[in-house]
Amino acid sequence: MTGRAALRGLFGTLAAVAAAEVTVRAAGGFSGDLPAPTQVLAAAGEQLADGEFTDAVGATLRVWAYGMLIAVGVAVPAGFLLSSIRALGTACQAIVEFLRPIPSVALIPLALLVFPAPDRMKTSLVVYASVWPILLNTLYALRQVDRVQLDTLKVFGFGAAARAWFVSLPSSVPFILTGVRVSASVALIVAISTELLAVGDTGIGTYLAQTQSAGGQTDQMLAGALWAGVIGLLINGALTTAERRAARWWPVSGKEGVA
Amino acid sequence: MLTIDALTHSYPGGHTAVDDLSLAVEAGELVTVVGPSGCGKSTLLRCIAGLQRPTGGRVLLNGDEIRDVPDSLAMVFQSYGRSLLPWLSVRDNVALVLRHRYGSRRERRAAALEALAEVGLADAAAKHPGQLSGGMQQRVAIARALAYGPKLLLMDEPFGSVDAQTREDLEDLLLALRARTPVTVVLVTHDIDESVYLGDRVVVLTGAPGRVLAELPVGLPADRDQIKTRQDPEFVRLRAEVGRLVREK
Ligand SMILES: Nc1ncnc2c1ncn2[C@@H]1O[C@H](COP(=O)(O)OP(=O)(O)O)[C@@H](O)[C@H]1O
Ligand SMILES: [Mg+2]
């Protein structure tokens, strides 16, 4: 994003917020007393000092991080396995194509049944949702590995496992990062929706559900949603930067992942 | 040292790339194989390297049939840009293939730096391949191949995609390195002048499918020079002869 574009974006945001502020204030509050943006911002500021809220954020991020770690740990080796054993790859293709479109939230009842502990339950759904983009990008990456690079190492006496480690894996890194970036956003959405739909003991979603059911806390509710957005933005920004960095000193020809 | 016995290779789909090709290479020789594009030169080298099982005939290295990649063999590929690993520094590209030669990383890196110095690239060691020109990348590929310490070095049109000046420099580099190292070289090219300038012997292949059309010993002094050698009557005679054979159908 250029400086000018950023400035325009900022201007647009400010204008929208100001419009909302004026509208809400002029209307004297809608039903359920919708708070004005400044009130939401004030509540967001207070939440930083609110232990209950920060604990909830921590809990969601923990689930998110564990889920992502497990997803990478499952999807990348699975990708290597499926693409190195062709028969296995074709055998699994149908299963993958069937499982992938199932929305994670549709699996909440099943997850509740299998994992009674809320953290495990949430993590399992995060893993489920995150595995697919990483797996698909890994599979895609492995189809792009340069034959000449593989042949070169073969000539220099590298066996199949060593070639996977020294050529296939490094040349897949940018694609895997793309998968991780896509998964990261999905994982956050899944973690929070699971908390919202299957109320556990803590987490951003749980917090939001509670502010809603308690009534009269719409400023905190919207402030919580604001923070969720900020966290999503930060995660995406960090991963986009990592991806771009990797692309710079990790030149792989024709890098174009599957989003 | 290397014996190719009635080698035939057909790709799936029935296309025959090499047909009944026989050739013997003595230890220490530099044999150039020249033939038109598509006549099966790369296929021949891939069969020698053990990257491809020929559909017919045999390749023997010191009397043993090649079934897998022999460990005393190195290869310089035509597309140097794709054969170096772009995410490793030049030094690490060379050091990587020395894993089986040296135990410690320090020794490998030291040997890699030495090999790069041999090809005049000591200063580029920390750079990544993408930061180097094509000619420099091919130097790295040559340094890597020789650092590996092969008895047999295969080169597939190694200087095919660099400019004329760089090409001459690389040709002379190869001759200089080879004078210092006891290595047998099979170099494939479609360039007639190059085949004569570099070779102790020129093997001319027919057009597709490749077969040996003629073998010409090169009666030029070992010490070659881009200007003088090319004016030598023997050079002029040979290149005319090779040229005539290559064009023959
Ligand atoms: N992997 C392959 N599959 C099918 N045909 C191939 C393959 N590689 C090369 N060929 C064909 O074999 C013939 C010889 O190719 P190649 O050995 O690359 O020739 P050269 O190196 O002399 O140009 C060509 O007609 C080419 O199209
Ligand atoms: Mg070729």
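Predicted model: local features only at pLDDT ≥ 70, side-chain atom pairs only at ≥ 80, totals over all residues.
Visitor: Which other strand pairs with E3(B), and in what sense?

Guide: E8(B), residues 184–189, pairs with E3(B) in the parallel sense over five bridges. At least two bridges are required, so this pairing also qualifies. Within E8(B), Leu187(B) is the bridge partner of Thr32(B).

Visitor: Why is E3(B) called mostly covered?

Guide: Five of its five residues are buried, and buried here means under 20% relative accessible area. In a regular strand, side chains alternate between the two faces of the sheet. In E3(B) both faces are covered: Leu30(B), Thr32(B) and Val34(B) lie on one side, Val31(B) and Val33(B) on the other.

Visitor: What makes a set of residues the largest nonpolar core here, and which of them have the most contacts inside it?

Guide: Membership requires buried nonpolar residues joined through side-chain atoms within 4.5 Å. The largest such set has 109 residues, and Leu153(B), Met155(B), Phe159(B) and Val242(B) have the most contacts inside it. Its largest share, twelve residues, comes from H6(A), residues 118–143. A second, separate core has 33 residues, including Val155(A), Leu7(B), Val69(B) and Val203(B).

Visitor: Which residues is Phe159(B) in contact with, beyond its neighbours within four places in sequence?

Guide: Among them are Ile142(B), Leu170(B), Leu174(B), Leu187(B) and Leu198(B), together with Gln138(B) and Arg167(B).

Visitor: How many residues does each chain bring to the contact between chain A and chain B, and what area is buried there?

Guide: Chain A brings 19 residues and chain B brings 23 residues. About 1,900 Å² is buried between them, with carbon and sulfur atoms giving 69%. In chain A, Val148(A), Val155(A) and Phe156(A) lose the most area to chain B, together 35% of what that side buries.

Visitor: Why is the pair Asp146(A) and Arg82(B) called a salt bridge?

Guide: The closest N and O atoms of Asp146(A) and Arg82(B) are 2.9 Å apart. The cut-off is 4 Å between an Arg or Lys side-chain nitrogen and a carboxyl oxygen, so the pair qualifies.

Visitor: Which helix gives the most to the side of chain A that touches chain B?

Guide: H7(A) does, with eight residues.

Note on methods:
Residues numbered from 1 in each chain as written. Chains lettered and ligands numbered in written order. Heavy atoms only, no water. Buried < 20%, exposed > 50% of the residue type's maximum accessible area, 1.4 Å probe, protein only. Helix = DSSP H or I, 4+ residues; strand = E, 2+ residues; numbered from the N terminus. Contact = heavy atoms within 4.5 Å. Buried area = accessible area lost by both parts, 1.4 Å probe.
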